[in-house]
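Here is a brisk tour of a protein model. Keep the sequence and the 3D view open as you read.

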Amino acid sequence: MPDLRVRDLHVSYGGALKALRGVSLDVPSEGVVAVLGGNGAGKTTLLRAISATLRLCGGAVDSGSVEFAGKRLDRMDPAAVVRAGVVQVPEGRQVFEHLTVAENLRAAAIATPRRLRRPAWDRVHELFPLLVERAAQHAGLLSGGEQQMLAIGRALMAAPLVLLLDEPSLGLAPRMVQHIGEIVTEIGRQGTAVVLVEQNAALALRVSNVAHVLETGRVTLSGTSAQLATTEEIKDRYLGGRPTAAPPPRHGGSQTLVVQGVSVRFGGVAALSEVSLRVVAGSVHALIGPNGAGKSTCLNVLTGVYRAARGSVRYKDTELTTLRPHRIARLAVARTFQNLALSASATVADNLLLGCHRLTRAGFVAAGLRTRAARREEAEQRHRVGRIAELLELDGVLHDAVGTLPYGQRKRVELGRALCAEPSLLLLDEPVAGMTADESARLAATIARLRAELALTILLVEHDMAFVMGLADEVTVLDFGRRIASGTPAQVRRDPEVIRAYLGQAAKEDAVP
Amino acid sequence: MKHFFELLLNGLSLGCIDALIALGFVVVFKATRVVNFAYGSLLLLGAFLIGRYHESLGFAVAVLVSIVVTSAVAAFVGVVVLRRVRLADPGTLAIVTLGVDILLATELTRRIGSDLLTTGDPWGASVRDLAGVHIAQTRIAAAVVAVGVVVAFLVALKFTDSGVALRAAAERPATAALLGIRLGRVAAGAWLLAGALAAVAGLFFTAFPSPGITGSVGQIALGAAVPAAVLGGLDSTTGALVGGLAVGLTATFAAGYQDQLAFLGRGFGSVAPYVVMLLVLLVRPSGLFGGKEVTRV
């Protein structure tokens, strides 16, 4: 079977931004090749160059080649690359939400020769029995982990010789990451070559045979995964220590968020049942739990997006469950979103200014006439935006379009926008999803500083255990919509129920060293 | 009461024609995100071909020719004309279709000249009496054909590879391409289908009791397609069908009760669909079935 060869590949976006500067690597016809690297290293660009989708994203191959079975993939269109046997699973899963699971799989089989369809079906059924169970359901209703399985299964329906996987562990709970890892190994063993792009180096090195480290568009380190796993350089960079945030000062006061017996139902499914928690003013409270535990639902209830069927949420002597989202925002409650909700074509400064909306008094007419009050207000807001950008280390990119920034920085912009509303209570939905250990440690330090300087109360939803343990004063654990434990990080970590439900035995060693 | 039932029946049958028109409009939007303003003149082309050739070729053959030629022209517009500017944004492409519409409509109007073209369909001007309620024979034929076409379309959309490919490409074009779905083919298929629908709809839209095939037919048809498609939700085929029926019923009832509605002015029937569209958009900004999010539990 043929190998996939990448030779001295140079790629740029918009003719200016150099994303790859001479990458060469070989993918043998079997087994798993891992490509590691931080945000903006060029990992996704490499996959796009192989799958010929660069052009759809405004990029172009300047020089070099991608060859497979004697054919130049970089000169084909994406559909032809798939027919040649190279199939990509895009980052962020990208399932067809309005199609059923079965239709998602079928869509990928359209390009597959008929004789290969049956074996592909059988393979997907064997690897992902869960997808068979839920075949008739809309893919949009699956949990994150299930959607990732569907995305991989869907690509397998195209009967690939080479499978390109872009960040399959992104935003998934450790147990699910473990499971996906096993499946990737299995796919490699079954005779399909896999190119795995990952930030989770522990996972990538465990499941791969060979690994390459990509940094600012160049391969800086290559070797067998077993070798690389023992390299000090790799350990420092990706498996780094836990963040060590100093315990911040406590602010007293009556501004405690009290959630009491909240239940939410969607149709017949109980997303939350009788959940209670207290977020003490000035503290950092973490809400953790496996996928589908109800964490995001809980945030949505707090911000008024979902209605609670029962129970109460009180903050600043106000009952939140009956308020509309914009009324809750006026109580100085701000949130960030798990999947970034930024305006990609606007600059960082404009995105941050949007966050000031709650505090803007000048109306449409005053702003249009540029009255003195309106101008002063705008100047004040620009000042505040500048200060917050500084706190978040975004001052260098303030006038860049958000769409041009790497993922990690976009997450910071999202956080900055929430801060511009001058919240007293900040709700963070998976702030470090998709970041390397190093980046998440830096963000933890930033958050600890922000909280001290801006007198914030923070409720955060997270999968990243190291991040939570280093930062939170208190932890509440949800599983299947129920609270199964709460207490200090140390207490929760020892709770056998939590270990069973959330961490799993193998993952425990990874997440809580 | 008899008047009411007569309007209801006529409104439903007109709604079937409007639904066909809206369906062709929506299929192109769904597959390519292009608002196809050339759709009216494509419909005029379909009707024109039938009107011009039914005497020499016979009605049935003329309809077949019309379907084939109109589809081919639509595919030419969609694939050849728009490919040149494929990387442009959908707004630009919509303006290109507007240009195509003006060209095509002008040329057809010139060719029609002062002729009085009729469709020459076998139902002619006969009117059926259903339990005291009068309805044109052509309208019954229109309803039967429309239901057949729509059912066939929906079955194909749900169960065939092409249908799945269209829906996948409509939802996430980049991902569909990553799975080997050829977006160019999906777009070409959508334009072909839109052309065929335009020809069939053109036939019934200009048959009795309409006055015949004139240069303004395209504009009038587009005037029905836009509110129907928009109020249903531009990217929803179900929406196009519901929207078409709603527009047909509204226009018929507003015209039928115009004496009672005289305080709104003469000819309220022709603006009534737009009023309904605006009211729907006030409540549901993306239309009845458009852009609905699936919420994860």
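## A sheet in chain A

A:Phe68 stands opposite A:Lys71 in E5(A). Strand E4 (residues 59-68) of chain A and E5(A) pair in the antiparallel sense, over two bridges. Two strands pair if DSSP finds at least two bridges between them. Helices (H or I, at least four residues) and strands (E, at least two) are DSSP runs, numbered from the N terminus.

Now widen the view. Four strands of chain A form an open sheet in the order E2-E1-E4-E5, and the pairing is antiparallel. Its edge strands are E2 and strand E5 (71-72), each of which pairs on one side only. Strands of a sheet pair through backbone hydrogen bonds, either parallel or antiparallel.

## How to read the model

This is a predicted model, where local features need pLDDT of at least 70, side-chain atom pairs count only at pLDDT 80 or more, and totals for chains, interfaces and linings use all residues. Residues are numbered from 1 along each chain as its sequence is written, chains are lettered from A and ligands numbered from 1 in the order in which they are written, and side-chain values use heavy atoms, with hydrogens and water left out.

## A glycine in strand E4

A:Gly64 sits in strand E4 of chain A. A:Gly64 and A:Asp8 are 56 residues apart in sequence, yet 4.8 Å apart in space, C-alpha to C-alpha.

Buried means under 20% relative accessible area, exposed over 50%, and partly exposed in between (1.4 Å probe, protein chains only).

## Parallel and antiparallel neighbours

Strand E9 (residues 210-215) of chain A has two partners to look at. Strand E3 (residues 32-36) of chain A runs parallel to E9(A), joined by four bridges. Here A:Val33 stands opposite A:Val210.

Strand E10 (residues 218-224) of chain A runs antiparallel to E9(A), and six bridges join the two. A:Glu215 stands opposite A:Arg218 in E10(A). The hairpin of E9(A) and E10(A) has two residues between the strands, and A:Thr216 takes a positive phi near 35°.

## Salt bridges

A salt bridge is a side-chain nitrogen of Lys or Arg within 4 Å of a carboxyl oxygen of Asp or Glu. How many salt bridges are there over all chains? By this rule the count comes to 23.

Take A:Arg7 and A:Asp26. Their side chains meet in a salt bridge (3.1 Å, N to O). The pair links distant parts of the chain: A:Arg7 is in strand E1 (residues 4-13) and A:Asp26 in strand E2 (residues 17-27), 19 residues apart. A:Arg7 is partly exposed at 36%, and A:Asp26 is partly exposed at 37%.

Next comes A:Arg134, which forms a salt bridge with A:Glu146; the closest N and O atoms are 2.7 Å apart. A:Arg134 lies in the loop between helix H5 (129-133) and helix H6 (144-156) of chain A, and A:Glu146 lies in helix H6, so the pair ties together parts that are twelve residues apart in sequence. A:Arg134 is partly exposed at 23% relative accessibility, whereas A:Glu146 is buried at 13%. Another network of salt bridges links A:Glu103, B:Lys158 and B:Arg167.

## Surface patches

Patches are made of residues with over 30% relative accessible area and no salt bridge: like charges are joined within 9 Å, nonpolar side chains (Val, Leu, Ile, Met, Phe, Trp, Tyr) within 5 Å. Accessible areas come from the Shrake-Rupley method with a 1.4 Å probe; for residues, only the protein chains shown count as cover.

A:Arg370, A:Arg372, A:Arg375 and A:Arg376 gather in a surface patch of positive charge. Lys and Arg count as positive and Asp and Glu as negative; His and the chain ends are not counted. The place of a charge is taken as NZ of Lys, CZ of Arg, CG of Asp or CD of Glu. A:Arg375 belongs to helix H15 (residues 372-391) of chain A and is partly exposed at 44%.

## Chain B

Chain B has eleven helices and two strands. Of its 297 residues, 48% count as buried. B:Val271, B:Val275, B:Leu279, B:Leu282 and B:Val283 make a nonpolar surface patch of about 500 Å². B:Leu282 lies in helix H11 (residues 268-283) of chain B and is exposed, at 71% relative accessibility.
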